[in-house]
Amino acid sequence: WPRSDDEFDALLAYAQLQRGPLRVRVGRLDARSGLGFSAFDGASAAYDWNLVRAEVYGGRSLARDLREPQNEAFRGLDDFLLDQSVLIVGASATARPLDTRLTALYQREILWDRSSLVSERVSFDASRAFPRWHLTGSIDYDVSFQRAGKGNVTLSVPLEEGRWLVEA
């Protein structure tokens, strides 16, 4: 199995600097959103205002679902992996008005030599907590193919004082 002789693999490993509303991270990071989980080796910076948070991030994208750099060793295992490194850049803005959380995210992946676009997507996420239930939803859009991707809506209701959770 490729890389089975690695001493360890880091899923997340970063240094963080927090100064008031500013947070900076450097290392192996991930961006979790309506676009899924995008792991990368790089940096991110976030700034929090009262009800708004803005974040930018970028670095070398890791193979989706493997959290490994694109590498020749994986060529026989997964044909979808590219044979060169991929650069990922993204930005998100989150607003929290009236018990509602709204997030918009833009993410672009290009080949390291900037010769070709790998993906360019946006997502919109929303969640709202009510006294006895919670509603969330998201949708993404593929800019390069000009079509909507996946979308979902989830209703969560706790039962028996939080011992059970029913979701639809």
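**A close look at one side chain**

Let's start with glutamate 55, whose side chain makes a polar contact with the side chain of arginine 23 at 3.1 Å. A polar contact here is a pair of N or O atoms within 3.5 Å; within protein, one atom must be able to donate a hydrogen and the other to accept it, and residues adjacent in sequence count only if both atoms are side-chain atoms. Before going on, please keep in mind that this is a predicted model, in which local features need pLDDT of at least 70 and side-chain atom pairs count only at pLDDT 80 or more, while totals for chains, interfaces and linings use all residues. Residues are numbered from 1 along each chain as its sequence is written, and side-chain values use heavy atoms, leaving out hydrogens and water.

Arginine 23 and glutamate 55 also form a salt bridge, with their closest N and O atoms 3.1 Å apart. The term stands for a side-chain nitrogen of Lys or Arg within 4 Å of a carboxyl oxygen of Asp or Glu. This pair links distant parts of the chain: arginine 23 belongs to strand S2 (residues 22-33) and glutamate 55 to strand S4, 32 residues apart. S4 itself covers residues 52-61. Strands (E, at least two residues) and helices (H or I, at least four) are DSSP runs, numbered from the N terminus. Is this pair buried or exposed? Both arginine 23 and glutamate 55 are buried, where buried means under 20% relative accessible area, exposed means over 50%, and partly exposed lies in between (1.4 Å probe, protein chains only).

Which residues does glutamate 55 touch, apart from those up to four places away in sequence? They are Arg23, Ser44, Ala45, Ala46, Gly90, Ala91 and Ser92, with contact meaning heavy atoms within 4.5 Å.

In one of them, the side chains of aspartate 41 and arginine 28 meet at 2.7 Å, N to O. Again the pair links distant parts of the chain, with aspartate 41 in strand S3 and arginine 28 in strand S2, 13 residues apart. Arginine 28 has 16% relative accessibility and therefore counts as buried, whereas aspartate 41, with a relative accessible area of 22%, is partly exposed. Arg28 and Asp41 also belong to a network of salt bridges together with Arg60.

Another salt bridge joins the side chains of lysine 150 and aspartate 140 (2.9 Å, N to O). Lysine 150 is at 46% relative accessibility, so it counts as partly exposed. Aspartate 140 has 7%, which means it is buried.

Now for a polar residue elsewhere. Glutamine 107 sits in strand S6, and it counts as buried because its relative accessible area is 2%. The side chain of glutamine 107 makes a polar contact with that of tyrosine 57, at 2.7 Å.

S6 (residues 100-111) pairs with S5 (residues 86-95) in the antiparallel sense over 10 bridges; DSSP must find at least two bridges for two strands to pair. Within this pairing, valine 89 stands opposite arginine 108. The two strands form a hairpin with four residues between them, and leucine 98 in the turn has a positive phi of about 50°. S6 also runs antiparallel to S7 (residues 117-129), joined by 11 bridges, and alanine 104 has phenylalanine 124 as its bridge partner in S7. This second hairpin has five residues between its strands, and arginine 114 in the turn has a positive phi of about 60°.

Finally, leucine 51 lies in the loop between S3 (36-48) and S4. Leucine 51 and threonine 94 are 43 residues apart in sequence, yet 8.2 Å apart in space, C-alpha to C-alpha. Its contacts beyond four places in sequence are Thr94, Ala95 and Arg96.

For the whole protein chain, the secondary structure comes to zero helices and 10 strands, and buried residues make up 30% of its 168 residues.
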